[in-house]
Amino acid sequence: MKRSALRGLLISDFNLGNLSGYLSNDPSQPEIQCELGPYGLVAEALLDSDLPCWKPVPDFLIVWTRPEAVLSSVRHVLDGFTAKEGLITQEVNRYSEAIAACSQSVKTIFVPTWNIPTIHFGQGLLDLAQGAGVSRCVMHANMQLLRDLDTVPNTFVLNASKWIELVGEGAFSERLWYLAKIPFAHAVFKAAGQDIKAALRGIRGEARKLVVLDLDDVLWGGIVGEIGWQNIILGGHDSIGEAFVDFQRALKSLRQRGVLLAIASKNEEAVAWEAFKKHPEMILREGDFAAWRINWKDKAQNIADIAAELSLGLDAVVFIDDNQIERDRVRQALPEILVPDWPLDRRLYVRSLYSLDCFQQAFMTDEDRLRAEMYSHERARKNSRAYASSLDEWLQTLQLRVKVEPLGDSNLPRATQLLNKTNQMNLSTRRLTEKEFRSWATEAGHHTWVFYVSDRFGDSGLTGILSIEADGNRARIVDFVLSCRVIGRKVEETILHCAVEWARRSRIRSVVASYSETPRNAPCRAFFQKSGLITRKKDQFAWDADHAYQLPSAITLVSSMDGAPFEVFLEPRAVEVTRIGHEGLGPFDSN
Amino acid sequence: MKPSRENITDVVFSSIDELNEMLGSNQRLEKSLHSRLLGQPNGLDSLGFINLVILIEEKYFERFGYRIVLTQTSDKRLEGAAFESVGNLVKFIDSSCPS
């Protein structure tokens, strides 16, 4: 499904035309159309939403300024005077407040950090001195900016120093500045544009989620099947060996951020695992990998199998291999997979991994940190399936437990992430920011619950969302979202049970659901078609709430309140609590 | 050694490529010596023109190791036909280069 172009508003005291050009022309997704705010009028543009540039309201806002233009204290220090840090703090506070005010209306805000041109670095020892140091002054301003904007929703401070360092000596351009009021060289804006696009993809849940790795000459040097684990190049007093260790560390840090690791390697499986187990300098171990195919089959097929096993789309996968023939084969067979060119010099592996701008995340939840472990539990779960004679018997052995609670401040970040990432079991495929989701959920007649799933193998965390729009005698299911990690374990039926129970207790006569087709959510349609709900017309489903919808016998349903049955959140009083939350007493406690 | 006119043309064309990465599809400059540089029809706007000139200055330095300055308004020749077309600009750079 092609999405429409995002509209970005760029506000600055300098000419951001070049950034606008790069953002609009970059062929990568998402497509962007840019509007420039009134030149030089930063405060006015931020505070006056009646200006034409705010109509229609943009999807995202970039506020990029020079510190000396928006902070008089910095200008003062550049002119050779001193400035008290308290004064800088006050000025930054005012600037941040103006940005925070915009966060009420715009979905996403990017604020690059402040930098000063290198021509001002001539202060020597005074550069970092209290009061008079230019660099110190800007550092203080940036730290205060971070502190101020930490709590502003959907607002992200971007590290502009990174773009400047990437470009190096010519990053600041005096000629562009004096001729066109453009302080930076073209390459700085190009780097900024790429970073901003990657950030937008991350916010929209389009980050890559899985790295599939070759083994020989990728995780270690040499062919383990030929030289044995004792002789592979890994660690030791060897520049290449150290580089392989660092590369494994970098991969492990990605895993800590929730990116899954897998192996697709042409090797004898037992030989490969022996190396992981026995080599003393191995950083990655078997438990770090969510899936693997270590065999002599076609790698493209193996990677497709791994993605299917992990219920991930191919567009969530990155494949790293030192062998150009294998890379070309996978590119040709599976074009959705990102297959980066890979350097011959092993010492550049870490740099190559970090230069991939496909793993951006807007925030990190507990689920992200535990995702790799959850997949390990899933493997054990699937293995246990082999010993059960039927699906029901297997589900009974799992000791499935589903916990339900209303959407609230504590679960909103993860729920928003799930809403935006879930493709397959997703009824309407709404994509909302935290602020939009929160705002929708607190409107009168709207009710939203989240579901946590666990069993004897482990905790899958927050993996389901149900939202309902009540209108007279009808409850319309708006969001019916379930993570692919728990599909097919009767959690779908459990969520429907909750929807119908809530309707019954609210004296609503029918529950309806309207399926909205996307290229990826056919499993959701298939579930509703066999769910027992009546199909009224194509993709319109209904249940008469005079009748209960049975809770699957294998499921234990509980509420998040200690000792309380799950029904506590389905009582009409609970509906009031959800709605009162709008006023600050319910699940949303900070409104 | 003084760069040949062919080398200078290469530098200008590669600068046009880079410039076009920033321009909308209906604003892009065709890579031809006959392309009009400034004004209507099909010429660059002032920001596009400045970007192109700076790109040429930078690429010239990268390629040949010494700087040319096309943006000194005191050079009277710039008020003439030098910036009318890509071809004229190439000739101007060629005539400005030290032998």
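## A loop position in chain B

Where is the place of Ala82(B)? Ala82(B) sits in the loop between α2 and α3 of chain B. Ala82(B) is buried, with a relative accessible area of 8%. Buried means under 20% relative accessible area, exposed over 50% and partly exposed in between, with a 1.4 Å probe and protein chains only. Ala82(B) and Ile16(B) are 66 residues apart along the chain. Their C-alpha atoms are separated by 17 Å.

## Basis of the model

This is a predicted model, in which local features need pLDDT of at least 70 and side-chain atom pairs count only at pLDDT 80 or more, while totals for chains, interfaces and linings use all residues. Residues are numbered from 1 along each chain as its sequence is written, chains are lettered from A and ligands numbered from 1 in the order in which they are written, and side-chain values use heavy atoms, with hydrogens and water left out.

## Chain B overall

Chain B has 3 helices and 0 strands. Its pattern along the sequence is α-α-α. Helices (H or I, at least four residues) and strands (E, at least two) are DSSP runs, numbered from the N terminus. Of the 99 residues in chain B, 43% are buried.

Contact means heavy atoms within 4.5 Å. Take the contacts in chain B with a separation of 6 or more: residues 24 or more positions apart account for 57% of them.

## Helix packing in chain B

Two packed helices are described by the angle between their axes and the distance between the axes. In chain B, helix α1 (residues 5–20) and helix α2 (residues 46–64) have axes that come within 9 Å and cross at roughly 130 degrees. Axes are lines fitted to C-alpha atoms, for helices over the stretch in contact, and angles run from 0 to 180 degrees between N-to-C directions. α1(B) and α2(B) are therefore oblique to each other. Angles under 35 degrees count as roughly parallel, over 145 as roughly antiparallel, 65 to 115 as roughly perpendicular and the rest as oblique.

Residues of α1(B) that meet α2(B) include Ile8(B), Val12(B), Ile16(B) and Leu19(B). On the α2(B) side, Leu52(B), Leu55(B), Ile56(B) and Tyr60(B) are among them. By class, this contact of α1(B) with α2(B) has 10 nonpolar, 5 polar and 4 charged residues. Ala, Val, Leu, Ile, Met, Phe, Trp, Tyr, Cys and Pro count as nonpolar, Asp, Glu, Lys and Arg as charged, and the others, Gly among them, as polar.

Helix α3 (residues 86–96) of chain B has buried residues too, including Leu89(B), Val90(B), Phe92(B) and Ile93(B). What covers the buried residues of α3(B) includes α1 and α2 of chain B.

## Two sites in chain A

Helix α18 (residues 412–421) and helix α19 (residues 434–441) of chain A pack at about 105 degrees, with axes 9 Å apart. α18(A) and α19(A) are therefore roughly perpendicular to each other. Leu412(A), Pro413(A), Ala415(A), Thr416(A) and Leu419(A) meet Glu434(A), Phe437(A) and Arg438(A).

Ser483(A) lies in the loop between β14 (474–482) and α20 (491–505) of chain A. Ser483(A) is buried, with a relative accessible area of 6%. Leaving aside neighbours within four places in sequence, Ser483(A) is in contact with Leu418(A) and Thr463(A).

## Between the chains

Chain A and chain B bury about 1,300 Å² between them, 55% of it on carbon and sulfur atoms. Buried area is the accessible area (1.4 Å probe) that two parts lose on being put together, summed over both. Arg175(A), Leu179(A) and His186(A) supply 45% of the area that chain A buries against chain B.
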